[in-house]
Structures are given as C-alpha cells and as structure tokens.
Amino acid sequence: MVPIPSMMGKQKTQGVRGAGGNNSEHVLGGVVRDGRAVGSFALINVRSLPKHKFEINELILTLNIDCLFLTETWARPDSDSDFIEAAPTGFSFHRVDRNTGRGGGLAIICRSEFTCTWNSASHIPEVCEAMAFKLLLDKSLVFEGLLIYRPPGPVSKFLSIWTLLLEPLIMAPKAIILGDFNIHFDNTSDLLVAEFLNLMVVLDWVLKDGMATHRAGHILDGIFTHPEEELYLSTTLLEWTDHALLTFKSLARQQPIIPIPQKNLTRSWRNIEAEPLKVTLTHNWNDLKTSTLSPLARFNLGIKQAMDSLAPARISVPRTRKKPNQPWFSQALKLLQRKYRQKERCWKLSPREAERVELKLAFTKKPVGLPNRTILHGKLVKQPTLLESYLEPLMILPLP
C-alpha cells in the first residue's frame, strides 16, 4: 500500500547519543551485512496504532527502519487490518494486545529478513505489560530482550515483579530492555527512581543516555543494555505523538570490519580457597539489593561476583617453545641432515637393497666439496665423514 505523503509532519532532531556520527548517517541505511551495524531499530509510544497506521508506514519507509518497537498500540483482537496497513511490503508484525480495559498493547514490526520469536512475559496489565522477544538475522542472534509498557501508577508494585521478568535475560549474550516505563529517569532525587536505577546497575544494566522523550521534558522511554554494548542512539520529536522517536543501531562484534584475534581468558583457580569463597557467597546472598531475585538467580549472580573478585579473568599468554642453545649446529650441518633424511625416507617408502646401500653410502661418505685431509695448526688431519660431522662436529680426528 502506498503511504499518504507528508503524514509525518515536521521532525525535530534533538541530538545523537552513543558512539558518534550525525543523525542522517546512522538513521538511514537499513541492514548492513558486511559492516559493523546489523540494522536500524526504533522505539516509539504510538498512542493508538489504528489512528496513526499511515504515519507508522511512512515513518518506516522514510527512515529505512528495519525493526520498530511500539508501545500503547491500543489495538483490539479485530485490528489485523490496521497492522497490515501499518506494516510496509516485506515487513511482518507481532503483537500482544491488552484483553481488558482501554489502552496498553505492544507490537514489533520488523523486516522479513529478521526472524522474530516472542511470548507474553507479564499478565498483569495494570502493573506492567512485557513482551519477551528474540531477534535473529541469518541465524545469528541480534537481540534478546523485553519490550515494556508500564502504565501510570505506583512504582513499588512494578519493582515487586521486575526482577522476575529479568531472570530469563541473566545469561543472554546480547540483551536489551526497552519501552515506556512511565518513570521520570531524569528525577534522580526520587527515592523509588534511584532505587530502580541502582537495582539495574547491580544487575549489570545501564540506561543509555538520551534527551527528553516526552514533550513535557521528562525521560519516560528508556533503553537498557549491558555496559559493554555500544549503541548509536538519537531522539527525534514528531508532531502526531507526545512521545519522541528513539532510533538506534547496534554494533555486530561477530562481523568486524578488521578481523581481531581472539583472546583466550583464563582464571587462576588455585587462588580460590574454600573459606574466602564461602564468605563472598554469604555476603552476596545477604545483599539487600538482590533479595527480590529468585534463589537460582541470586546463586548465579553470587557465583559470578565471587569468581570475578577471587579469580578475575585474565588474558592467557600462549607459551612459546624456546629453541635449545646449540651453537655447534651450523647451517652446513642442517643441510647435511636434510640430505640424510631424504635418503632415509626413500628407503622407508621402498625398503629395497639398493636404497639401503645408497643410504649407507650417504651416511658414511665424506661431505661433498670438502677435501679428505686438511692442515690445522701445522698438523695433517682427516676431514670427518657425514656421521662424524653430525655427531661430533667440533671434534677433529687425527690420522692413524
């Protein structure tokens, strides 16, 4: 379906946060297979997809977005036609609707080259709506994460179930959490906001910096990743919604431009003793910041912190074999040895009498090009044979 022109209205880019570059370079471009970026992604609180389906269609085509995450779709079970019109040709949609009441709803519209699997991770719409997803490109994991919408209400109820939602992502290699949290992340003086951000830091999650995501000047929409994950992030205001559009790109470490040699990590397991390990595990288990986690998640987190503190991972240096100190083994002896080995291989491949005789002659005759006798310190000496040259190269045998 051809989108209606000029539906997006005027856009105002507030800035680019992350790894650098200008806004047009990282928003446009789509899937990059042979470079570092694996796709162009975006997050927006659409506030009624049936009402803004044509704007969504044009937004995806204009900015060349590969995967769009939507919150507050306000969709109903009979809204398939609206999603079909919102998704351009070559895109598929995945949705979780709110079954009761008004509002809510989550959806993912992604390019057909991506494989998206999902399930509904939360069934408490008045506290939090969560959509757990796994995004793959050419059978390689791009992201595994959660799409969140938290309706306005007490943050304490949200914190009571939040750690349970994060448990499947503890061991995920590339994880992301994004959505509309309805939490003023810019108001760090609020005790509940500070508690939530501190909990995320303890669980090894960081909020990617960005500009205000709401027209009122607050940061309500957020993207959480692990500290080592790099994102190109920018914020763009649109006229037809009061929430800003967050666009970002991820860096694919599995497809670097310049091949980087893999570094093997090792731990000094001998440094781990029973008593310090027991003390560290007990301290991590009694930490109040992780008391809301399940016992299995607390144990895994405690083991990881104990290993990092008692036996931190280090880059192992490969051992190189030192060549033995053999100053007598000259280049001439090396050539003689090579010729003998050639004769020996010929005899082993074809154990005939002629090969054996030739091997014996090659082993006992004098080196080629050298005289049979020479004068050393005024004495007439015999030149050593090949065997004598190989075994006793520094010994000069006098004539009988």
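Start by selecting Asn-182, whose side chain reaches the backbone oxygen of Arg-150 at 2.6 Å. Such a polar contact is a pair of N or O atoms within 3.5 Å; within protein, one must be able to donate a hydrogen and the other to accept it, and residues adjacent in sequence count only if both atoms are side-chain atoms. You are looking at a predicted model, where local features need pLDDT of at least 70, side-chain atom pairs count only at pLDDT 80 or more, and totals for chains, interfaces and linings use all residues. Residues are numbered from 1 along each chain as its sequence is written, and side-chain values use heavy atoms, with hydrogens and water left out.

Asn-182 sits in the loop between β9 and α5 (191-202); helices (H or I, at least four residues) and strands (E, at least two) are DSSP runs, numbered from the N terminus. Beyond its neighbours within four places in sequence, its contacts (heavy atoms within 4.5 Å) include Tyr-149, Pro-151 and Leu-220.

Next, select β9 (residues 175-180), which runs antiparallel to β11 and is joined to it by five bridges. Strands count as paired if DSSP finds at least two bridges between them. Click Leu-178 to find its bridge partner in β11, Ile-223.

Finish on β11 itself (residues 221-225): five of its five residues are buried, meaning under 20% relative accessible area, against over 50% for exposed and in between for partly exposed (1.4 Å probe, protein chains only). Asp-221, Ile-223 and Thr-225 lie on one side, Gly-222 and Phe-224 on the other.
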